[in-house]
Protein chains: 2
Amino acid sequence: MQIVIIGSGNVAYHLAKAFKKSGVEVSQIFGRNATELSKISEELHIPFSTETLAEADLYIISVSDSSIAEVSALIKKENCLVAHTSGSVSREALAGNYRKSVFYPLQTFSKSKKLDYHKIPFFIDAENEEDAEILKNLASKISKNVMLADNKKRKYIHLTAVFACNFVNHLFARAKEISDSQNIPFEYFLPLIDETTQKIHELEPKLAQTGPAVRGDNRILELHEQLITDEEKLKIYKTLNESIKKMYS
Amino acid sequence: MQIVIIGSGNVAYHLAKAFKKSGVEVSQIFGRNATELSKISEELHIPFSTETLAEADLYIISVSDSSIAEVSALIKKENCLVAHTSGSVSREALAGNYRKSVFYPLQTFSKSKKLDYHKIPFFIDAENEEDAEILKNLASKISKNVMLADNKKRKYIHLTAVFACNFVNHLFARAKEISDSQNIPFEYFLPLIDETTQKIHELEPKLAQTGPAVRGDNRILELHEQLITDEEKLKIYKTLNESIKKMYS
């Protein structure tokens with residue numbers, strides 16, 4: 001099976017690298033950004049082009065959500081399988097007369113950071129069982145966690161990730177504002193943060209909850225509300241404590 | 001220096017163990033729960049008692065916040081230093097005619113879990129520089145991160161920890177509700193969660209923010225609000241997205 005990756009961003013790079021490591025040959029990486037493409041090409045020994053899209057059985061499009069439709073229209077071939085790698089774009093957004101699919105790796109990618117590819121879950125969506133099987137087999141060469149997920153399911157996966165990752169990072173950012181205001185190095189909180197995350201590998205998060213709200217320690221809750229001076233953090237403080245109290249009431 | 005630990009809970013156990021590992025001798029662990037005390041005593045080869053508090057230069061009280069005053073009143077000796085290990089109780093809550101202090105390890109402890117003690121930050125508070133020095137030296141035998149923190153500072157440390165840990169765990173719990181509702185194994189999100197936490201070891205959380213709110217992707221925000229069916233999660237979703245938007249506007 002001839003595979004071409006379209007795109008030169010973080011996901012495209014890491015996918016190409018993961019394939020390489022797993023012994024899956026990629027015949028071309030294609031895109032607009034010659035600088036990025038040539039860097040990837042040099043590192044992974046994969047030919048690249050900004051002009052002529054190579055013949056392939058499978059095209060994997062790893063570009064920004066808003067470019068998927070436009071980029072996918074560049075594929076004029078009909079007897080092939082095309083997949084995009086986005087969690088929040090539907091399969092039907094691909095614009096062409098080929099078989100449409102999704103090949104969605106659930107991870108936050110940055111080019112400089114090494115990743116354990118076999119731990120990255122892949123979510124697959126396809127028009128028929130045969131195509132799903134092709135993509136599941138391919139993903140299984142990289143990862144141990146491969147699962148089918150249609151448009152609806154992928155939306156919920158994305159929503160879960162927003163709660164478990166985007167919002168979590170924002171709490172870190174707001175927490176750092178508090179520690180900065182008192183000249184307490186935020187680094188001091190990293191062991192506690194690491195332990196919080198490690199814990200849920202062994203214990204359901206609902207059972208791992210600690211802190212004043214779950215203990216019903218209203219003395220501390222009131223004291224903290226007096227310490228918080230800005231509106232945004234106060235809203236977060238109240239909303240999350242209320243939600244904790246409701247979960248355990 | 002003779003050291004006695006009072007209490008048989010998670011903090012008392014881990015402190016005793018950390019001292020043992022660092023070559024600091026503890027002459028007694030004292031408390032009410034004979035079963036727990038005898039377990040710790042057997043594992044760490046430290047004498048225990050439920051009746052007669054041994055003579056010591058330093059008593060470390062590791063009991064629940066609400067019991068600190070009562071337990072500290074058991075110490076009748078005057079020429080000694082007494083520390084409690086709580087982040088949210090003032091030094092003056094100790095009830096006796098001895099020198100009062102705080103020896104606060106910032107970590108979430110559970111008995112069964114092994115911890116890297118040298119990574120746990122210790123916050124010290126004391127009546128005078130000499131006592132502060134004693135406790136700083138002691139903490140330095142366990143940990144690399146030792147810092148003075150008075151009552152006010154400790155309150156902010158606790159507040160920071162609530163944002164960075166208690167609230168973070170609650171978001172994990174709410175995220176799991178979403179993935180459970182669609183039969184998506186929550187385990188699939190653990191690599192992404194681990195990466196989110198790992199990232200802030202290298203990158204300031206404010207700079208590491210990803211997701212629809214920071215991108216200003218209102219299409220996704222509206223779609224997600226339609227997917228969320230319960231009030232608590234919807235409040236969290238809106239509050240945190242608003243806070244993200246404000247931080248980057």
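These legends describe several views of a predicted model with chains A and B.

Because the model is predicted, local features need pLDDT of at least 70 and side-chain atom pairs count only at pLDDT 80 or more, whereas totals for chains, interfaces and linings use all residues. Residues are numbered from 1 along each chain as its sequence is written, chains are lettered from A in the order in which they are written, and side-chain values use heavy atoms, with hydrogens and water left out.

**View 1. The axis relating chain A and chain B.**

**View 2. The interface between chain A and chain B.** Counting contact as heavy atoms within 4.5 Å, 87 residues of chain A touch 88 residues of chain B. The copies meet through the same surface, because 100% of the interface residues of chain A are also interface residues in chain B. About 9100 Å² is buried between the two chains, and carbon and sulfur atoms give 69% of that area; buried area is the accessible area (1.4 Å probe) that two parts lose on being put together, summed over both.

**View 3. A salt bridge between A:E232 and B:K246.** The closest N and O atoms of this pair are 2.9 Å apart, and the interface holds 6 salt bridges, each defined as a side-chain nitrogen of Lys or Arg within 4 Å of a carboxyl oxygen of Asp or Glu. Among the elements of chain A that each supply at least two residues to the side touching chain B are α5 (151-181) and α10 (231-248), with helices taken as DSSP runs of H or I of at least four residues. The most comes from α5(A), which gives 27 residues.

**View 4. Residues 120-243 of chain A.** UniProt, in an unreviewed entry, places the feature "domain: DUF2520" at this span, although such annotations may be inferred rather than shown by experiment. The end C-alpha atoms of the span lie 30 Å apart.

Note on methods
Copies are superposed by least squares on the C-alpha atoms of residues with pLDDT of at least 70 in both.
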